[in-house]
Amino acid sequence: MSSPLVSITMPVYNGMPLIKASIESIKRQTYPNWECVIIDDGSTDGTSDYLDTINDERFVIFHQTNGGRPVARQKALELAKGMYIAMLDHPRFTIETHNLIIWQILRFIIYHILLHNYSWLNSLIWPFSVR
């Protein structure tokens with residue numbers, strides 16, 4: 001049985017130089033089935049150019065004019081294909097802080113789906129949600 005796809009969403013505006021560390025952190029994470037949807041929200045500091053150099057099919061890069069973090073988050077959710085969503089708000093977190101949390105939440109969700117009614121899943125909020 002394959003692991004469910006987790007979409008890591010990351011809105012970014014003028015994220016240099018911290019964006020590089022965030023990207024490397026995502027690449028090092030241990031969960032095997034993921035994609036990272038990065039929304040460049042009109043960066044003017046070289047972030048856009050750096051994102052265009054990422055040559056990894058697991059990364060989905062979308063450039064838009066600056067609309068603010070809520071607009072960028074919404075676009076990331078529209079583009080995300082994963083069964084689960086992990087929101088990584090650059091530059092506050094690195095994915096290492098989410099590794100164990102993702103696994104624990106997935107196990108918790110599966111346990112409750114198997115043993116209990118799963119209607120409570122609709123109430124899950126940041127940083128994880130269920131599609």
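This is a tour of one predicted protein model, moving from the whole chain to a few residues that can be selected in turn.

**The whole chain**

If you then switch to a surface, the protein chain exposes about 7,500 Å², of which carbon and sulfur atoms supply 58%. Of the 131 residues in the protein chain, 40% are buried.

**The loop between S1 and H1**

Next, select the loop that runs between strand S1 (6–12) and helix H1 (18–28), where proline 17 has its place. Display the backbone atoms of methionine 16 and proline 17, and the peptide bond from the former to the latter will be seen to be cis, with omega near -5°. Asparagine 14 is found in this loop between S1 and H1 as well, and its phi is near 50°, a positive value in a residue other than glycine.

**The aromatic pair**

Now select tryptophan 34 and phenylalanine 59 and show their side chains. How many aromatic pairs does the count give? It comes to one aromatic pair, and the rings of tryptophan 34 and phenylalanine 59 form an edge-to-face pair, because their centres are 5.5 Å apart and their planes stand at 80°, where over 60 degrees is the cut-off for that class. Tryptophan 34 belongs to strand S2 (residues 34–41) and phenylalanine 59 to strand S3 (residues 59–64), so the pair ties together parts that are 25 residues apart in sequence.

Keep both residues selected and colour by accessibility: are they buried or exposed? Tryptophan 34 counts as buried because its relative accessibility is 6%, and phenylalanine 59, at 8% relative accessibility, likewise counts as buried.

**A charge over a ring**

The charged end of lysine 75 sits over the ring of phenylalanine 62, at 4.8 Å from the ring centre.

Methods: Residues numbered from 1 in each chain as written. Predicted model: local features only at pLDDT ≥ 70, side-chain atom pairs only at ≥ 80, totals over all residues. Heavy atoms only, no water. Phe/Tyr/Trp six-rings, centres within 6.5 Å; stacked < 30°, edge-to-face > 60°. Helix = DSSP H or I, 4+ residues; strand = E, 2+ residues; numbered from the N terminus. Buried < 20%, exposed > 50% of the residue type's maximum accessible area, 1.4 Å probe, protein only. Lys NZ or Arg CZ within 6 Å of the ring centre and 35° of its normal. Areas by Shrake-Rupley, 256 points an atom, 1.4 Å probe, with all protein chains shown as cover.
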